[in-house]
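Here is a short note on the fold. Please read the points with the model open.

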Amino acid sequence: MALGFTEMEARVYCELLKGAPATGYRLAQALGKAPPGIYQALASLEHKGAVLVEEGEPRSFRPVPPDEVLTALQRGFEVRRREAADALRRLHAPVQDDRIYHLKSTAQVMERARAMIAGATERLLFDLFPPPFGALAPALTEASARGVSIAGLVYDASPKVSFDCVRSSDADFVRERWPGAQLTLVVDAREFLVALLTPDGTGVKQAIWSDSVYLSCLQHSGLSAEVQQSAPRSARTRLARSFSLIASSPPGLRHLVGQQSLSSSKRGDTP
């Protein structure tokens with residue numbers, strides 16, 4: 001049913017998988033349903049490419065193998081998805097509204113996180129417990145490969161990846177006492193996501209997202225300081241130069257204060 005079949009279609013198809021070929025009358029008896037509803041479901045399944053019909057008197061039906069049905073459904077979905085994406089893209093006019101939005105499901109949180117990572121252009125900071133880190137590591141690696149500077153806090157042994165992962169200096173205490181799996185992302189100091197997931201990462205206790213550049217700059221500044229504090233002394237200068245709010249001048253800060261004002265203040269001039 002989750003693939004788009006009605007309940008009757010799903011029952012008929014599954015019954016055919018158990019024993020075919022079968023007539024509509026036999027299917028009606030097996031399922032305890034009226035023949036008209038069975039024949040209507042068979043006609044729909046034939047249209048969807050899920051059953052084959054042997055013409056005769058009476059007609060008999062056999063199921064198309066599940067792998068063929070699933071492949072056809074997937075191809076059809078991809079076509080419809082591309083068409084819908086093009087149509088919706090033409091309608092969508094993104095606006096920045098600086099509001100804070102609550103996210104309610106893990107799927108919503110993770111898709112928002114992946115979209116943020118995919119949209120990163122210059123700087124990305126994170127604070128990730130093991131479950132969300134494992135889920136987002138491929139997207140982070142891809143962003144790093146296209147030139148985005150990435151650094152963040154982890155709470156397990158630092159993994160071997162192409163970006164900076166700093167084990168939190170309070171990792172043991174935090175993992176023992178924190179009431180869930182933390183997920184924090186700050187992208188280009190222009191949007192942020194903060195989520196407290198259930199310990200296994202499958203549920204959401206609380207999650208917020210905002211594209212307020214002011215709040216994002218504050219999140220960027222605070223998280224950058226935490227990363228630097230937990231990093232080895234030998235790496236702190238490099239991380240400060242690459243990720244501190246003023247030194248790195250991410251897009252959100254440039255938008256917040258104005259590019260010209262920021263450039264003047266860095267030279268020591270009056271903004």
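1. Strand E5 (residues 123–128) and strand E6 (residues 149–154) run parallel and are joined by 6 bridges. Strands here are DSSP E runs of at least two residues, and helices are H or I runs of at least four, numbered from the N terminus. Within this pair, Leu124 stands opposite Ile150 in E6.

2. The model is predicted: local features need pLDDT of at least 70, side-chain atom pairs count only at pLDDT 80 or more, and totals for chains, interfaces and linings use all residues. Residues are numbered from 1 along each chain as its sequence is written, and side-chain values use heavy atoms, leaving out hydrogens and water.

3. An open sheet of 7 strands has the order E4-E10-E9-E8-E5-E6-E7, with mixed pairing. Two strands pair if DSSP finds at least two bridges between them. The edges are strand E4 (100–102) and strand E7 (164–167), each pairing on one side only.

4. The largest nonpolar core has 47 residues. Such a core is a set of buried Ala, Val, Leu, Ile, Met, Phe, Trp, Tyr and Cys residues joined through side-chain atoms within 4.5 Å; buried means under 20% relative accessible area (1.4 Å probe, protein chains only). Leu124, Phe126, Leu140 and Leu183 have the most contacts inside it. Helix H6 (residues 130–145) gives the most to this core, with 6 residues.

5. Leu183 touches (heavy atoms within 4.5 Å) residues including Val109, Met110, Leu136 and Leu197, not counting residues up to four places away in sequence.

Methods:
Buried means under 20% relative accessible area, exposed over 50%, partly exposed in between (1.4 Å probe, protein chains only).
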